[in-house]
Amino acid sequence: MQRALIVIGAVLVVAGLAWPWLSKLGFGRLPGDIRIETENGGFYFPIVTCIVISVVLSLVLWFIRR
């Protein structure tokens with residue numbers, strides 16, 4: 001459990017440092033992400049981005065456990 005928390009923390013730090021380059025990949029603007037904008041405000045739900053991140057994290061954790 002300790003090793004998993006350390007790895008997750010390290011991944012978050014690396015992702016935070018690499019955010020300027022990661023934002024250019026288009027995450028958060030994938031087809032299928034829900035965006036509703038009105039005069040009074042807006043609503044944004046990145047469902048496809050969440051699915052992609054979930055699949056990638058599941059594969060990484062699966063490889064770590066093997």
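Predicted model: local features only at pLDDT ≥ 70, side-chain atom pairs only at ≥ 80, totals over all residues.
Residues are numbered from 1 along each chain as its sequence is written, and side-chain values use heavy atoms, with hydrogens and water left out. The mean pLDDT (the predictor's confidence in each residue, from 0 to 100) is 87 for the protein, with 97% of its residues reaching 70 or more.

A nonpolar surface patch of about 960 Å² is formed by I34, I36, F43, F45, I47, I51, V55, L59, W62 and F63. Such a patch joins nonpolar side chains (Val, Leu, Ile, Met, Phe, Trp, Tyr) within 5 Å, taken from residues with over 30% relative accessible area and no salt bridge; the areas come from the Shrake-Rupley method with a 1.4 Å probe, and for residues only the protein chains shown count as cover. At least two residues of the patch are supplied by each of β1 (34-37), β2 (42-45) and α3 (47-65), and the largest share, six residues, comes from α3. W62 lies in helix α3 and is partly exposed at a relative accessible area of 46% (buried means under 20%, exposed over 50%, and partly exposed in between, with a 1.4 Å probe and protein chains only). A10, placed in helix α1 (residues 2-17), is likewise partly exposed, at 40%, and its C-alpha atom is separated by 21 Å from that of L25, 15 residues apart along the chain.

The structure holds one salt bridge (a side-chain nitrogen of Lys or Arg within 4 Å of a carboxyl oxygen of Asp or Glu). This salt bridge joins E37 to R35, with the closest N and O atoms 3.7 Å apart, and E37 counts as exposed at 61% relative accessibility.

The largest pocket contains about 610 Å³ of space, a volume being the space filled by probe spheres set on grid points joined across faces, edges and corners. A pocket is an open set of points, on a 1 Å grid over the protein atoms alone, where a 1.4 Å probe fits, with protein on both sides within 12 Å along at least five of seven lines; lining residues have an atom within 4 Å of a point. The lining comprises 18 residues, of which V11, A15, I53, V56 and L57 lie nearest the centre of the pocket. Helices α1, α2 and α3 each supply at least two lining residues, and α3 contributes the largest share, eight residues.

Key:
Patch = residues over 30% accessible without salt bridge, like charges linked within 9 Å, V, L, I, M, F, W, Y side chains within 5 Å. Helix = DSSP H or I, 4+ residues; strand = E, 2+ residues; numbered from the N terminus.
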